[in-house]
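Please open the model in a viewer and follow the stops below in order. Each stop names a selection and then describes what is found there.

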Amino acid sequence: MSSDTQLPLQHRWPIAFWSGVVLFFVFFPLFLLDVGLESLLETRQNLQKQELYRALEQNLEKLLQYRNSRHYYHALLKRVFELAELQPQPAAYLKNALNQLKQRNPGTFRFIVWNDRGEIIDELTDEKGYRYIVRSLYEAFKEITIDSTENYPGKPELLPIIENRGKMNILRSYLGAFLVPEYMNLPMLRASLGECIIASSDQDRANFWFQIGKKVGMFAQISRQAVGSADYLEKLVTGINKASDPSFKIGIIELTSANVMFTGSELSHSEEVLIELKKFQHFAEPRLETENYLILARMVSQSIMGFSLVEKEGRVIVPRLARGQIMTGAVLLILLIAAGLYSFFKISGLISIRYKLAILFIYANGLPLIILGFLGYEYLQQTRRLLIDQAHEKTAALLRDFDSRYELIKAEYAEHINAFVDEINRQSTGQSIKLDEHEKLVDWINATRPYDFVLINESGRFQSGYPGANRSGNFFANMGRNLLEYINIASYSDPSIFKDVQLSRRDSAADFLGTKKVVFHQFLRRIRKINPEQMGAEGRQYYWNIFGNSEQRKFTNILVVSWLHSVLQESYVKKTIEDLNNNAGNIKCFAIVDNNGVTYPEDKQPDREIFNLFRQAFGLQMIRSDKIQMAGIEYAAFATIGRQLNHIAIVGLYPLATINQQIDTLRMRLIVFALLSLALTIGIGKLLSAQFMQPVKQLEEGVQAIGRQDFRYRLQIASQDEFGHLGSVFNNAIESLEDLEVAKVVQENLFPLENLVQNNIEVYGRSVTMSRLGGDYYDFFTVNQQHVGILMGDVAGHGVPAALLMAMAKASVLIAGDKTSLPSQLLTSLHKVIFRIKSSKIRRMMTCQYFCIDSLTGEYLFSNAGHCFPAIIGKEGQEVSLLQAIGSPLGVSRRAKYEDLANQLNDGDIVLLYTDGIIEAQNNEGKEMGFDRFTAILKNEYSSDLETYYNRIFAAYLKWSTKADDDITLVLIRFAGKEAKA
């Protein structure tokens, strides 16, 4: 050996050595840092944007809740009224407040103010006459207030003072002819549902509003011009921007006025904002971004767009700029560390090599820890996103299930009424019944709040069972009379009654059923059930049933009950909301009825955040929020309108505490892993430096001897510790390395080096051994210009004997000559060779199978010697069949006999040859894969590309068997057929 080869690397090739040092200790760390920073900073930027968009949405909600001017004026007047109620002298406060309202809104309001006794406060009242009417107004408003407070939202149309026609005419004479009793409680509705009431076409008195409190009562009439104008939005925008964080601004754009933008103050880069907002106008993308702003846009009305924006500077990092700054600092720091390490290692003899190695290990381990930190941060954010999405899906599934069960309440109501009717019919004597004789039935139905509840007799007269009923008037009377007349006839003798006829226009209700047509049979399908019907402008849920004696065929009355859809839906929610909240995921659920603002559960008043979600759900059908806060607790919120419950908005709150706990656990695990990795590195460095240097040097010399194929070399064993045992094992192992080397070379040359493609046949094979020398064998080769031969074998056992036996099999195939075209003859020849070896005290046998395939037509001959049945996969993986052919393994019996099986492959068929290692693979529970699971894998993992197909099958095998203890060999044969010709 020359003296040059004994010099250290840094002395032999100094340029290469120091280039490597700089590469791995300077440039490589900087590269890792740069790659990690790119992902980290982008993730951080996205998180900052999400937080800002969430803040923008909350800010814009302050505007969107007043899309309608009547909601705005209601909120404005109610705030003034609530502040007055809190004052010791409410009249003095109102005097100043109402004057300011009139000054800021000239020509908009006319006020009437009462004291706590219902007496007019003249100095605050604009109405100087009509004292009796004004007194009647107070009495009506007070009754509505009491009713709405005690029985929210109340039923103003059922109040005595409203039902009194004389009183109602007085109210209409003053308030307006458009006054609808059912809507007189609108100012009493909760949150953003409250609004002013439309009552007149009068320019000055089109709308009115009222509140009656403990100290004062207040009534306001609002002009039609004020309600119809969008000027209130500018005042609202100005007020919100003054009260909000100056960096957050909201604004509006009137799309019909050349895109005039208003924010209440000067906005820099306004042209930039206008250009970006046009994207929302044309593409409805709510989240917008410019060079300087993040913008959230929503439509306030058909012609007005609302938006909220915030400047990005100082709030959103710029990844490119931040990356440059961090990398500049990192370069300086790493150069400084590298210079220090260089000086440190140049000091000879001052510090032992043990500590130097420890330092190097720590430095080397620090690089992966940097990447771990970057990837860990991104992983935590992605995991959090995934968990929140899963939370939304769980909440949505819970609400969908709740919505789908709505039909249960209709079945329950129908069942209750049917029971009452059946009991009455059992006691029927054929006489017409009266509702006042059946209080239980009347009370039960009235408790369900029906829209109509009437009983019709044979003459068409009916009794109303619910206050305010008889809304359908003569229609039900005529319909009921004709139905009873029809069902009481003795026989159906005229088949023409089922034919279509022309209905007259004079008496549509009589003709509707008086013609005795198929309509009656439609009615029969609906009796005793609750079904949706569209009768008139508004659809409702209807229940029909018949009273009478069916045995005597004497029917006396028809019962009709109808409900508004919203009422039945509200009843269902009221009854089942507690069950909904008792869910396994601890998801809190709230519901609201759109026409009256009643919320459920009744004992839990939702926060304003929940009302905002309700309102958005009614507008968008479905809304998600990743984080809202209630009572100091964070939730992921999901709000929707049901398909069945289309008058109900439901909000589900998924507690984020569980998700936060999972993220904290993952974060702690990453930190612990990093610390353990660092401690392990320090320990290994010290252990290596203290214990491994000399023994490793000796092992290096032994390895060099093996590299020179000097198998006579032996290590000098100086101790009995681990290295002593390692030296003994090394000395024992080197004695047989030559044999193993030969066996390895033999086995490596047994398998084909390349895949085979001939005409329409493509063959791909791989073998994975679970030990140094395996027992599986496969081969494929060209028999002639038209035929291909494929051989698969499995020698019992492993090691050198198996490798030699495989070599002999390979040699036998090579010298088989014409026998390679006849599978049975080839297997017979191989059997004779292996049987002789077995007779020579080498106890081995071999399963084997051989295909000879015509590469043009797909015709083949096949013979099997105890090997696993080949699988034929057809129709792109939809069909899998086993080619069942039996035969004794090679070398088992003296007189082995093998037969040829002839058949043909279809276009696109794939033949899979395999060893039993994959079929007998066991999972952690000790269950074998078996042919059924194997067949399922072949179907599920199908690919027309053989290499891809192999990789998928092998991946599925590894997923099933966590500890592979047998060789796995797979050979795939694909016949292209017409595909190749095409």
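Begin by selecting helix 13 and helix 18 (residues 565-581), whose axes come within 9 Å and cross at roughly 100 degrees. Axes here are lines fitted to C-alpha atoms, for helices over the stretch in contact, and angles run from 0 to 180 degrees between N-to-C directions. Helix 13 and helix 18 are therefore roughly perpendicular to each other (65 to 115 degrees; under 35 counts as roughly parallel, over 145 as roughly antiparallel and the rest as oblique). Helices (H or I, at least four residues) and strands (E, at least two) are DSSP runs, numbered from the N terminus.

This is a predicted model, in which local features need pLDDT of at least 70 and side-chain atom pairs count only at pLDDT 80 or more, while totals for chains, interfaces and linings use all residues. Residues are numbered from 1 along each chain as its sequence is written, and side-chain values use heavy atoms, with hydrogens and water left out.

Next, display the side chains at this crossing: Ile-409, Lys-410, Glu-412 and Tyr-413 of helix 13 meet Leu-568, Ser-571, Tyr-572 and Lys-575 of helix 18. Contact means heavy atoms within 4.5 Å. The residues of this contact divide into four nonpolar, one polar and three charged (Ala, Val, Leu, Ile, Met, Phe, Trp, Tyr, Cys and Pro count as nonpolar, Asp, Glu, Lys and Arg as charged, and the others, Gly among them, as polar).

On the side of helix 13, the contact is made by Tyr-413, His-416, Ile-417, Phe-420 and Ile-424, and on the side of helix 14 by Lys-440, Leu-441, Trp-444 and Ile-445. These residues divide into seven nonpolar, one polar and one charged.

Now turn to the open sheet of five strands, which has the order 6-5-9-8-7 with antiparallel pairing (two strands pair if DSSP finds at least two bridges between them). Strand 6 (260-262) and strand 7 (287-289) stand at the edges, each with a single partner strand, so one side of each is left without a neighbour in the sheet. Select strand 5 (residues 248-254): three bridges join this strand to strand 6, and the two run antiparallel. Glu-254 has Val-260 in strand 6 as its bridge partner. Helix 9 (residues 231-243) packs on the sheet, touching strand 5, strand 6 and strand 9 (304-311).
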